[in-house]
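Please walk through the following model with me, one region at a time.

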Amino acid sequence: MATANTNLSVYDADEVPSGKNFAVAIVVAEWNAQITEPLFQGAYDTLIQHEVSASKIARINVPGSFELIYGAKHAQSKGFDAVIVIGSVIQGETKHFDFVCEGVAQGIKDLNIQSTIPVIFCVLTDNNLQQAIDRSGGKHGNKGVEAAVAALKMAQLSKQ
Ligand code: DLZ
C-alpha cells in the first residue's frame, strides 16, 4: 500500500480512455484546503487532458472529508458518469482521525456497492502535513491525477 516509492502522477496515457462522452463530478472537502486545492487541480487538469469537456466537470464543495459521502451520493443522483471525492485527513492529537478516515472509506465503499456510478477515493490519510504535501503535487506526485485516471477507466467500465 505504500506510496513512498510511487509517483502518483505517472501513468500510461495510452491506457486511459477518452473522456469525450463523460461527465464527472469532483466533490472537494474544504478542510485542509492547502492540500485539497492542488488535488482538485491535478484531477481537473488530467480530465481536461483526456478530453472531458470543461462544461461536463462539476465541482461540489463540502465542509470536511466526512461530508464527502453525502456529496458523492448527491452527485450520483445527478447522473454523472463518475464521481471523484477529494479530501485530506491529517492525524491530530485525538481519535477523530480514525473515525473520519474509517467513516469516509466505509461510506464511499458502500456507495460503490449500492450504485452503478463509480466513486473514486482521492482522500489522503496522512500522519503529518508534510506527507500530505508530498502527495498533492510534491515529491510523490499528485493523487488527484491518479484519481482522474481511475475515474475515466471506471466510467468506461460502467458502460460495458
Ligand atoms: C473535525 C475535523 C478534523 C479534526 N480534522 C479533519 C481533517 O483532518 N480533514 C477533514 O477533511 N476534516 C476534518 N474534520 C472535519 C470533519 O470531516 C467534518 O467536516 C466535521 O466533523 C463535521 O461533520
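Helices (H or I, at least four residues) and strands (E, at least two) are taken here as DSSP runs, numbered from the N terminus. With that naming in place, proline 38 can be located in helix H1. This is a predicted model, in which local features need pLDDT of at least 70 and side-chain atom pairs count only at pLDDT 80 or more, while totals for chains, interfaces and linings use all residues. Residues are numbered from 1 along each chain as its sequence is written, and side-chain values use heavy atoms, with hydrogens and water left out.

Proline 38 has a relative accessible area of 26% and is therefore partly exposed, given that buried means under 20% relative accessible area, exposed means over 50%, and partly exposed lies in between (1.4 Å probe, protein chains only). Leaving aside residues up to four places away in sequence, proline 38 touches Ala33, Ser136 and Asn142, where contact means heavy atoms within 4.5 Å. Proline 38 and lysine 143 are separated by 105 residues in sequence, and their C-alpha atoms are 9.3 Å apart in space.

Lysine 143 also belongs to a helix pair. Helix H1 (residues 33-49) and helix H5 (residues 143-159) pack at an angle of about 40°, and their axes are 7 Å apart; the axes are lines fitted to C-alpha atoms, for helices over the stretch in contact, and angles run from 0 to 180 degrees between N-to-C directions. H1 and H5 are therefore oblique to each other, because angles under 35 degrees count as roughly parallel, over 145 as roughly antiparallel, 65 to 115 as roughly perpendicular and the rest as oblique. On the H1 side, Leu39, Gly42, Ala43, Thr46 and Leu47 meet Lys143, Gly144, Val145, Ala148, Val149 and Leu152 of H5. By class, this contact of H1 with H5 has seven nonpolar, three polar and one charged residues, with Ala, Val, Leu, Ile, Met, Phe, Trp, Tyr, Cys and Pro counted as nonpolar, Asp, Glu, Lys and Arg as charged, and the others, Gly among them, as polar.

What about the loops on either side of H1? Asparagine 32 sits in the loop between strand S1 (24-29) and H1, and its phi is near 55°, a positive value in a residue other than glycine. Glutamate 51 lies in the loop between H1 and strand S2 (57-62), and phi of glutamate 51 is likewise positive, near 75°. Asparagine 32, at 25% relative accessibility, counts as partly exposed, and glutamate 51, at 41%, counts as partly exposed.

Finally, the cysteines. If a disulfide is taken as a pair of cysteine sulfur atoms within 2.5 Å, the count comes to zero disulfides. Cysteine 101 is in no disulfide, and the nearest cysteine sulfur, that of cysteine 122, is 14 Å away. Cysteine 101 counts as buried at 13% relative accessibility, and cysteine 122 counts as buried at 0%.
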